[in-house]
Amino acid sequence: RGDTGPAMASTTALLVAAGPARSPGLLPWPVAAEGGQQPAISTVVAAASRLERPLWLGGGEPTLRRDLPELVAAIAAATRPPVGLDTDGLPLSKEGVAAGLRRLGVARIRIGLHCGRPDAHDWLAGMPGASRLVRKAIRASANVGMRVTVRILVTRPTTDWLEETVRLAARLGAHAVDLVRLPSVGAAAAHFVALSPRLGLAEPHLHAAVAAAQELGVTARLLGFPRCAVPRAPATVFEDEPIVFPDDPALLGFAAAQGTSGSARPCPACPGLPSCRGPAADYIARFGRDEIDSERGATPGLPKPAAPVFGSAPPPPPPRRGRAPATRLRFVRRQASFPDLGGDPMAGEAPGRLAPVAVLSFDGTSRAVRRAMAKVCQEGSRTLRLEGPGVFGHPQVEGLLRDALRLGIPRVVAVGDVRPLAVLSDRAVIGLRGLARVEATMPVGAEPDDIDAVLMRLKRLAGVEVLRRDAECEDAIPEER
């Protein structure tokens, strides 16, 4: 139930011992209808006995269980590794609670302190004053001899203070810090764009946080991050921590809601498993692959751009085909060190193989189509082929076709059902001058005369070469690809 895919380095597992959270806030834990139910002690112990690694009892919030002492005692008797408790820490701020847990056999505790700035932590936790109580809980746990790990959920608003938070955790007595990638789950899913940090921008802050932990003698782990998120960090800090759900009906709703987004295709320089699983699919689905595909490693032998010569015209920049736009701050710093880029923002990156024909569809919103155009025009192709069901049927076909002619690609060919062009004015059709050819397909039920009328109008007003792609003339159409 808690399987997260192929094996990756992992020293711990999170065993869900409680369904509900104390307060959902903006944290990635689903709130299900079964929130008042808890798994039976027997099912939690059975799941714990199958795990051969140190585990955290968590969820949800395990301290909401009234039978927590019995649960901890049962797991301590059934497993060899010491019991660890993953908690929001609020009950441990009360006098004697940490000492009581230590007497029960809780030797390890992990407490969420997501930012050193109190208002930021309280905002994420959804509880005013939570930061003050959490700090008291960390001190109290360390004072009674428990090994304390501080769990830091990495979010966009708090990324700038990661190093500060790690240093605060060390001052409070923490022995380790876990920097956790925010998944698109539970309460965090509705705010994923605002909460999830961009990998390229978070990289220097994550690196500074890991370096600060090493400086202070605190063990640091990066949970859920691909290796290319912090390429300078030691490989040993990257881990996955599987979430294990006991086989109990009380947790069915939580298990279904938590799920796992899986992994997307890794970057070109990825070492692969067991060192790196690759980027999370939920991140790629929302933010794209530019930050991942730009990680190709250094390309030896490429000359640095030469300084400009006074009075000479700079050469035209080479195509960017195969050179993903870099959004990494270290890439920007490297480019800034060159005396000149020669008009090429990707100078120093090896070009990929040029495709003679670029293919573009008009599927999607006009904004999405124009974004795709901006990428296509930088690839160096000599022919642009517009095809797909939405080419001539797009609501803004007139403007999109004109924009395609402005991309600087020498030859533009459009293929599709041309009948929607019949409603364009003569002036709009004249504006399509520059199209190299229009190939009209024959949809089922279409009248050849209707299509021929549109083609003749395009030829007469815009001077476009026209072809009708049907059984009679298919062989006469040159192969574009």
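## Helix pair α13 and α14

Helix α13 (residues 366-376) packs with helix α14 (residues 397-405) at an angle of about 10 degrees, their axes 11 Å apart. That makes α13 roughly parallel to α14 (angles under 35 degrees count as roughly parallel). Axes are lines fitted to C-alpha atoms, for helices over the stretch in contact, and angles run from 0 to 180 degrees between N-to-C directions. Helices (H or I, at least four residues) and strands (E, at least two) are DSSP runs, numbered from the N terminus.

From α13, the residues S366, V369, R370 and M373 meet G399, L400, D403 and A404 of α14. Contact means heavy atoms within 4.5 Å. By class, this contact has 4 nonpolar, 2 polar and 2 charged residues.

## Model and conventions

This is a predicted model: local features need pLDDT of at least 70, side-chain atom pairs count only at pLDDT 80 or more, and totals for chains, interfaces and linings use all residues. Residues are numbered from 1 along each chain as its sequence is written, and side-chain values use heavy atoms, with hydrogens and water left out.

## The parallel sheet

An open sheet has 5 strands in the order β10-β11-β12-β13-β14, with parallel pairing. Two strands pair if DSSP finds at least two bridges between them. The edge strands, β10 (357-360) and β14 (465-469), each pair on one side only. Neighbouring strands are turned by 20 degrees against each other on average, direction ignored.

Strand β11 (residues 383-386) is joined to β12 (residues 411-416) by 4 bridges. T383 has R411 in β12 as its bridge partner. Helix α16 (residues 448-462) packs on the sheet and touches β13 (437-441) and β14. The direction of α16 makes about 165 degrees with that of β14.

## Salt bridges

The whole structure holds 30 salt bridges (a side-chain nitrogen of Lys or Arg within 4 Å of a carboxyl oxygen of Asp or Glu). D86, R110, D178, R221, E239 and E241 are linked in a network of them.

R402 and E398 meet at 2.8 Å, N to O. Both lie in α14, 4 residues apart, so about one helical turn separates them. D426 pairs with R457, the closest N and O atoms being 2.8 Å apart. D426 lies in helix α15 (residues 426-430) and R457 in α16, so the pair ties together parts 31 residues apart in sequence. R457 is buried at 18% relative accessibility, whereas D426 is partly exposed at 42%. Buried means under 20% relative accessible area, exposed over 50%, partly exposed in between (1.4 Å probe, protein chains only).

Key. Parallel < 35°, antiparallel > 145°, perpendicular 65-115°, else oblique. Nonpolar A, V, L, I, M, F, W, Y, C, P; charged D, E, K, R; others polar.
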